[in-house]
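Good morning, and thank you for the time. I would ask you to keep the structure in view while I speak.

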Amino acid sequence: MTDERDPQTPGPGSGALTQGSGPPGVLTSRLDAAIGWARKYSIFQYPFVTACCGMEYMSVASGHYDMDRFGAGFPRFSPRQADVLMVVGTTSQKIAPILKRIYEQMMEPKWVVAFGVCTCTGGFYDDYATVQGIDTIIPVDLYIPGCPPRPENVLQGLMLLQEKIQRQGLHPKPGTLRPPIR
Amino acid sequence: MTETELLDALKAALGADVLAAGGVGHDLWAQVAKGRVREALQLFKGTLGFNVLVDHTAADLLKWPGGHWAGVWDPCQATQGGEHERRTQTDGRFELTWRLMRLDEKSGLVEGRAALKCRVSDGEAGPPSVRDLWPCADWLEREVWDMFGVKPNNRPDLKRLLLYEEFKGHPLRKDYPIAKRQPLVAPLPAPEGRIAPEQLRPRVTDPGLVE
């Protein structure tokens, strides 16, 4: 992958999109790279907020940390319009069927973020009432641990998710359970 | 009204059915016979002016060594030389508690607190509902049923409050298996490389009570 304008030092983010050579003034790209690029910078998220991590989510989403810088500033409260399901907070056994239905209502391609340690593993709620990690119910693409995670952790997680979306190209495989380990 | 005056009023009404009592200053607790709980609560609400039901809950005393107060720091004994009656009823697995508060509606000041307790055996119904005295008792009674399986004797068709209808058993009973899970959604197959729950050391174990 090269950047036509400066093959030696491609600018950040540009290497993934542009490729090959074409007539002057025309930018050529692989379709999957272009679509991945478009998808990763236009995340519509569905915040499934059930507990205290929601406070940290609000912090990330609002002006100070500003998720909108990464193109993910638009929460949709209908799963039909969302493509990233952010599960934020402890998930009880009682609400698990609702979470599964929300996931099933989302259009492909879709990604799931487990926000906070309760959604990753159940956290310290090792008890009768709590789902021991939402990946026992729905496939998870990104785990953000922390109780709660710092907003910086969330933003780093968001960037990792963007890398993943870019890499997946045209046909993301739903049900990819393990994120790449960096 | 001090704790002694409250106790006198309670004893005048219930006599020997006040099984045990104690307290410090404006904070009274009393254990009464199960059949007279409603009467005692009516007395608290009416004559004694305890207008707020702060909480209604239960404790499962299964395997609790030597009755309820054994080994527990007793404020009455500490401050008043153990003069109070301690004929605490030790039969009956569950101890139900109603925590009451006397709140001055004009000033917003708390003028006194009291706890009424009674013992209920496994499988039998508790005292009658007090929904008509304090409406908030409705949900509290449902919660006690949900968690401990003790229901008021005049509310036969009680629904769970917090857990789902499919849940079997009552999780805050001491004999509810600590690792038992009742998921509503069938779990997905574990991802490749994931440690199975059986391979993990249990995070919570039940050593029982050490005497």
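**Cores, sheet and rings**

I begin with the largest nonpolar core, which has 40 residues, and in which Leu10(B), Leu41(B), Phe44(B), Leu96(B), Trp98(B) and Leu116(B) touch the most other members. By nonpolar core I mean a set of buried Ala, Val, Leu, Ile, Met, Phe, Trp, Tyr and Cys residues joined through side-chain atoms within 4.5 Å. Buried is under 20% relative accessible area, exposed is over 50%, and partly exposed lies in between, with a 1.4 Å probe and protein chains only. The elements of chain B that give two or more residues to this core are α1 (3-14), β1 (18-24), β2 (27-32), α2 (37-45), β3 (52-60), β4, β5 (110-120) and α4. Helices (H or I, at least four residues) and strands (E, at least two) are DSSP runs, numbered from the N terminus.

Please note that this is a predicted model, in which local features need pLDDT of at least 70, side-chain atom pairs count only at pLDDT 80 or more, and totals for chains, interfaces and linings use all residues. Residues are numbered from 1 along each chain as its sequence is written, chains are lettered from A and ligands numbered from 1 in the order in which they are written, and side-chain values use heavy atoms, with hydrogens and water left out.

Which residues does Leu116(B) touch, not counting residues up to four places away in sequence? They are Ala30(B), Val32(B), Val37(B), Ala40(B), Leu41(B), Phe44(B), Leu96(B), Thr97(B) and Trp98(B), where contact means heavy atoms within 4.5 Å. A second, separate core holds 21 residues, including Tyr65(A), Val84(A), Val113(A) and Leu161(A).

I turn to the sheet of chain A. It is an open sheet of 5 strands in the order β2-β1-β3-β4-β5, with parallel pairing; two strands pair if DSSP finds at least two bridges between them. At the edges stand β2 (74-75) and β5 of chain A, each with a single partner strand, so one side of each is left without a neighbour in the sheet.

Why is strand β4 (residues 111-115) of chain A described as largely enclosed by the rest of the structure? Because 5 of its 5 residues are buried. Trp111(A), Val113(A) and Phe115(A) point one way from β4(A), while Val112(A) and Ala114(A) point the other way. Strand β3 (residues 84-88) of chain A runs parallel to β4(A) and is joined to it by 5 bridges, with Val88(A) opposite Phe115(A). Between β3(A) and β4(A) the chain passes through helix α3 (residues 96-105) of chain A in a right-handed β-α-β crossover; right-handed means that, with the strands pointing away from the viewer, the path from the first strand over the helix to the second runs clockwise. β4(A) also pairs in the parallel sense with strand β5 (residues 142-144) of chain A, over 3 bridges, and there Val113(A) stands opposite Leu142(A).

Finally, the rings. Ring pairs link Tyr128(A), Tyr164(B), Phe167(B) and Tyr176(B) into a cluster. Rings of Phe, Tyr and Trp (its six-membered ring) pair if their centres lie within 6.5 Å; planes under 30 degrees apart count as stacked, over 60 as edge-to-face and the rest as tilted. The charged end of Lys151(B) sits over the ring of Trp145(B), 4.3 Å from its centre, the criterion being NZ of Lys or CZ of Arg within 6 Å of the ring centre and within 35 degrees of the ring normal.
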